[in-house]
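The following exercises are to be worked with the sequence and the three-dimensional structure at hand. Each task is followed by a solution in steps.

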2 protein chains.
Amino acid sequence: MTTTRRAFVGASAAAAAHVWVPKPVTGYTAEDIIGPVTPHRAGISKSELETPALCVDLDKLERNIAKMQRTANANKIGVRPHAKTHRCAAIGKLQMAAGALGLCAAKLSEAEALLDAGIPNMLMTTSNLPASKIRKAMQLKKRFPGFIQAVDYSQNALDLNAAAREAGISADVVIDVAVGTRSGIPPGEDAIRLAQLVDKQPNLKLRGLLSYDGGVQHVAGFATRKERALAAIEENARTQQRMKASGLNTEIFSGGGTGTYNIYHLVPDFTDVQVGSYIFMDMQYIAIGNADGQPVYDDFEPSLTVLATVVNNRFPGRLTTDAGAKALTINVPRAGVIGEPGFDYNAGSDEFGSITFKDARKEWKMGDRMELIVPHCDPAVNLYDYIYATRQDRVEAVWEVTARGHSQ
Amino acid sequence: MTTTRRAFVGASAAAAAHVWVPKPVTGYTAEDIIGPVTPHRAGISKSELETPALCVDLDKLERNIAKMQRTANANKIGVRPHAKTHRCAAIGKLQMAAGALGLCAAKLSEAEALLDAGIPNMLMTTSNLPASKIRKAMQLKKRFPGFIQAVDYSQNALDLNAAAREAGISADVVIDVAVGTRSGIPPGEDAIRLAQLVDKQPNLKLRGLLSYDGGVQHVAGFATRKERALAAIEENARTQQRMKASGLNTEIFSGGGTGTYNIYHLVPDFTDVQVGSYIFMDMQYIAIGNADGQPVYDDFEPSLTVLATVVNNRFPGRLTTDAGAKALTINVPRAGVIGEPGFDYNAGSDEFGSITFKDARKEWKMGDRMELIVPHCDPAVNLYDYIYATRQDRVEAVWEVTARGHSQ
């Protein structure tokens, strides 16, 4: 893991060169952002942002989105990006504009916020509990025809039908077929019976199934990941074939993630990938290795960074920054400091980052700024109200994290 | 000063006036909270809240606040609660009403949000970097006379003086004297020279010093913790004595936390404890042991909980809930399930909690709700926009987490 970290952050130093030598942007100074915390102003220099600041590099983000869509097109499948990664309507709209079928949501309040913000199609990937939440989901479906709900057990399907009838609608439904033990109905007979039950309900319309394998996305090494991903989904694929053979609708067979976006098209009748992290990347994904057998996963570019400021350089081999657990989370692998592959960044303190190092490539002073790749993008983004969308040194837009904290 | 329950209710109502909508429980059903995510309604039953929901038990919170103030009064020191724990103006007002000297803030944007929300006195415990942030701090001081700024190195003190002059004010300053290597100026000669430098600046007013020992708060066992805490702060205490002997103002000598609230009054001239977690408690603090030698720290009651819902009970010895890392953080010790001491709660997944157990005290069904004690309160609270303040089964108030996400 350390080798991978070092290889990666070292390699990206050149790419991030502009961070170390900020270009002045005429007319904008720190005074422009003195004042209320929000609204933040677009147009200012990235180097003037108060830290910790969550930034996304637009050039990289756009290339990531384009590459994913291009690859899926070539593989004759669709892209249904998972919004749990960004929770941001502005980014969702970029994904839709590139050709995505719609977005996925993990939680109902997340789906609601993004539908309200103009995302037209939303697949809710987990069943809702209890019945009150199902009723809320059906109210949402009434307002937004592009809403599809996953179900994973029979009572849930019956409650959903009752709620759909109550709302005077027909609800689009997919069966959440499990890979593992976390959520979803086990593949095989159980899943098929649930699909038949859904198919028989007057107010439900069966659209197909989804199968998400959370465990396989971060398996290191493309060959191993491919083998394990295809083996793990085999029974689900057989279940899909049996559903199809028995005349059940399987027009949707959705699943996969950033670690398997170029693997699942090999599954027969598979329709679309629920990719999330590819837009941002993080230390967890960078460590999984690419299709050429390299230790660094470089299919997509690390567009997401957190800017931090050095607040203590007094002790040799140590630095303290203003970005701790509340700015980065404590996921592992730890945050990577761009340009300083030898830095070990400990975000275990809530308010401070504690760096230890043997060698540094520059002399770090009080008030110096550094740029970090986050350990794990989803929960890190969820800490911020805004993402600064930058191009070169300039903040081009300030995007609200529309569904931040919407975990209900 | 013992604060009565009635005094607290009054303060609570006044503090939360903008969200206070007292209504009878009768007649409220899940339908009442179907609709936009915010504003949430007070008056509903706790059992109708959508999960994950962050709740604070008002009876316990009030007893914790009263006990801390009572203990400090008896020990002839003050309470200056750290707002980084709750980031919530309503709770800060309860602490002030109980007799707190003011609050502490870890970050400038946190201080700003709480001052704007009506907290009159605020001690910013970390120096601000770069100079632009110092200027912002001085603008804040101009608006709020009760603002005190920590400094920990000479350039910072000079920048602060310049910014104070620019703002046309005199700034109240304390020296952040380090315990350990994270932040602050080392005790002894360095700290005293900095205090003298501050004292000489025309636009700075030296008020004293602070010394926060983050490492000692969670040392297990009261006797060990006491010994280590007093040993670690000894040099800082000597520094304070020397400052005082040389005529420097040390009217503030602040520090300590929930783990040392009943220890630091033994430090000569110590003035107040910067306690945070005592209001809520969490799994980290519960594990440190109390003054009677018991393994459970029960000086304060665990008032803070997260409500979660079971979304999978299919596999023996396993349950899945809707509260993962985005609802709890991945700090350790892991979340505790109230009433189920044998449950091991893994919040490592962003969206789901995965429980394993050998024995359960009840049969857990799909849709059942459970109540969790969070691993570590500060970053967990920072995930939520609202805290449901409950008494018995009833939501008495919905409090905004005023400075949520304000880590700048």
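Helices (H or I, at least four residues) and strands (E, at least two) are DSSP runs, numbered from the N terminus. Residues are numbered from 1 along each chain as its sequence is written, and chains are lettered from A and ligands numbered from 1 in the order in which they are written. The model is predicted: local features need pLDDT of at least 70, side-chain atom pairs count only at pLDDT 80 or more, and totals for chains, interfaces and linings use all residues.

**Exercise 1. Positive phi angles**

Task: Determine whether Arg87(A) is buried or exposed, and do likewise for Lys76(B).

Solution. Step 1: A residue is buried if 20 or more other C-beta atoms lie within 10 Å of its own, exposed if 12 or fewer, and partly exposed in between; C-beta atoms are placed from the backbone.
Step 1: Arg87(A), in the loop between E2 and H4 of chain A, has a positive phi near 50°. Arg87(A) counts as buried because it has 28 C-beta neighbours inside 10 Å.
Step 2: Lys76(B) is not a glycine, yet its phi is positive, about 60°. It lies in the loop between helix H2 (58-74) and strand E2 (78-79) of chain B. Lys76(B) has 9 C-beta neighbours inside 10 Å and therefore counts as exposed.

**Exercise 2. Helix H4 of chain A**

Task: State which residues of helix H4 (residues 89-98) of chain A are buried, and name elements that cover them.

Solution. Step 1: The buried residues are Ala89(A), Ile91(A), Gly92(A), Leu94(A) and Gln95(A).
Step 1: Their cover includes helix H3 (58-74), strand E3 (103-105), helix H5 (108-116) and strand E17 (394-400) of chain A.
Step 2: Just after H4(A), Gly99(A) adopts a positive phi of about 125°.

**Exercise 3. A buried strand residue**

Solution. Step 1: Val173(B) counts as buried because it has 30 C-beta neighbours inside 10 Å.
Step 1: Two residues are in contact if their C-beta atoms, placed from the backbone, lie within 7 Å. Leaving aside residues up to four places away in sequence, Val173(B) touches residues including Val151(B), Leu160(B), Val198(B) and Leu206(B).
Step 2: Gln149(B) is also touched; it is 24 residues away in sequence, with a C-alpha to C-alpha distance of 4.9 Å from Val173(B).

**Exercise 4. The interface between the chains**

Task: How many residues of chain A are in contact with chain B, and which element supplies the largest share of that side?

Solution. Step 1: 55 residues of chain A contact 54 residues of chain B.
Step 1: H6(A) contributes the largest share of the chain A side, five residues.
Step 2: Nonpolar residues are Ala, Val, Leu, Ile, Met, Phe, Trp, Tyr, Cys and Pro; charged are Asp, Glu, Lys and Arg; the others, Gly among them, are polar. By this scheme the chain A side comprises 19 nonpolar, 22 polar and 14 charged residues.
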